[in-house]
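Here is a quick tour of one model, told through its side chains. Have the viewer open and follow along.

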Amino acid sequence: MAPAKIRGAVNQLFQLTTCLGILTANLVNYGTERSTSSLRVESCGTNRIEEGRMVLEKIRGTPNVDAEFDDLIEASREAKSIKNPFKNLLLRKNRPQLIIGALAIPALQQLTGNNSILFYAPVIFQTLGFGSSSALYSSVVTSIALVLATLISNLNDFC
């Protein structure tokens, strides 16, 4: 057990390293999502779509991937149809998404102390209408805000 004098600082350091780990994971997710080796069908021709189906069959280990593959194609088309997701977020009709993404997710994480909420952030952002890339980017921004908030909270223990 840490000495009483530095116990709070050690606890805050643990939280900071956890937040930095989450940020690193989100940066890796965002970076690999943009790589050419990932399974993406959003702007592929017919040959690339078939190649994507073959990759999915290989990943799943079964040729029975029709339903999942159709869902991937449909989700890709829907994501492509959304223009300027960040600009659209500022519109009045999208205020719930703004509140959930900018306030609720970080607040729930801080109030519950449960970092796993951030694990679901990309899924929540996609459910709110963000495309795949935008959802991952939004998770990176949320993680950066979390790291900054943790650094600010550490000032009290380290000063």
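This is a predicted model: local features need pLDDT of at least 70, side-chain atom pairs count only at pLDDT 80 or more; totals for chains, interfaces and linings use all residues.

The salt-bridge count comes to 3. As background, side chains of opposite charge can pair when their charged atoms come close.

Start with Arg-53, which is buried at a relative accessible area of 18%. That label holds because buried means under 20%. Arg-53 makes a salt bridge with Glu-50, with N to O at 3.8 Å. The cut-off is 4 Å, so a pair at that distance still counts. Glu-50 and Arg-53 sit 3 residues apart in helix α2 (residues 46-60), which means about one helical turn separates them. In general, an α-helix has 3.6 residues a turn, so residues three or four places apart point the same way. Glu-50 itself is partly exposed, at 39% relative accessible area.

Arg-53 also forms a salt bridge with Asp-66, where the closest N and O atoms are 2.8 Å apart. Asp-66 belongs to helix α3 (residues 66-81) while Arg-53 is in helix α2, so this pair ties together parts 13 residues apart in sequence. Asp-66 is partly exposed, with 43% relative accessibility. Put together, Glu-50, Arg-53 and Asp-66 are linked in a network of salt bridges.

## The Glu-68 and Arg-60 pair

Another salt bridge joins Glu-68 to Arg-60, and here the closest N and O atoms are 2.7 Å apart. How accessible are the two partners? Glu-68 counts as partly exposed at 29% relative accessibility, and Arg-60 also counts as partly exposed, at 47%.

## The two faces of α3

Now for α3 as a whole. This helix has 16 residues and reaches 23 Å from its first C-alpha to its last, close to the 22 Å expected at 1.5 Å a residue.

Which residues of α3 are buried? They are Phe-69, Ile-73 and Ser-76. Around the axis they cover an arc of only 60 degrees, so they end up on the same side of α3.

## Asn-26, tucked into α1

Next stop is helix α1 (residues 7-33), where Asn-26 lies. Is Asn-26 buried or exposed? It is buried, with a relative accessible area of 7%. Leaving aside residues up to four places away in sequence, Asn-26 touches Ser-139, Val-140 and Ser-143.

## Tyrosines across the chain

Searching the whole structure for aromatic pairs turns up 2. In the pair formed by Tyr-30 and Tyr-137, the ring centres are 5.8 Å apart and the planes are at 50 degrees, so the pair is tilted. The reason for that label is that planes under 30 degrees apart count as stacked and over 60 as edge-to-face, with the rest called tilted.

This pair links distant parts of the chain: Tyr-30 is in helix α1 and Tyr-137 in helix α7 (residues 132-158), 107 residues apart. Tyr-30 counts as partly exposed at 22% relative accessibility, and Tyr-137 is partly exposed too, at 37%.

Terms used:
Residues are numbered from 1 along each chain as its sequence is written. Side-chain values use heavy atoms; hydrogens and water are left out. A salt bridge is a side-chain nitrogen of Lys or Arg within 4 Å of a carboxyl oxygen of Asp or Glu. Helices (H or I, at least four residues) and strands (E, at least two) are DSSP runs, numbered from the N terminus. Buried means under 20% relative accessible area, exposed over 50%, partly exposed in between (1.4 Å probe, protein chains only). The expected span of a helix is 1.5 Å times one less than its number of residues. The arc is that of the directions from the helix axis to the C-beta atoms. Contact means heavy atoms within 4.5 Å. Rings of Phe, Tyr and Trp (its six-membered ring) pair if their centres lie within 6.5 Å; planes under 30 degrees apart count as stacked, over 60 as edge-to-face and the rest as tilted.
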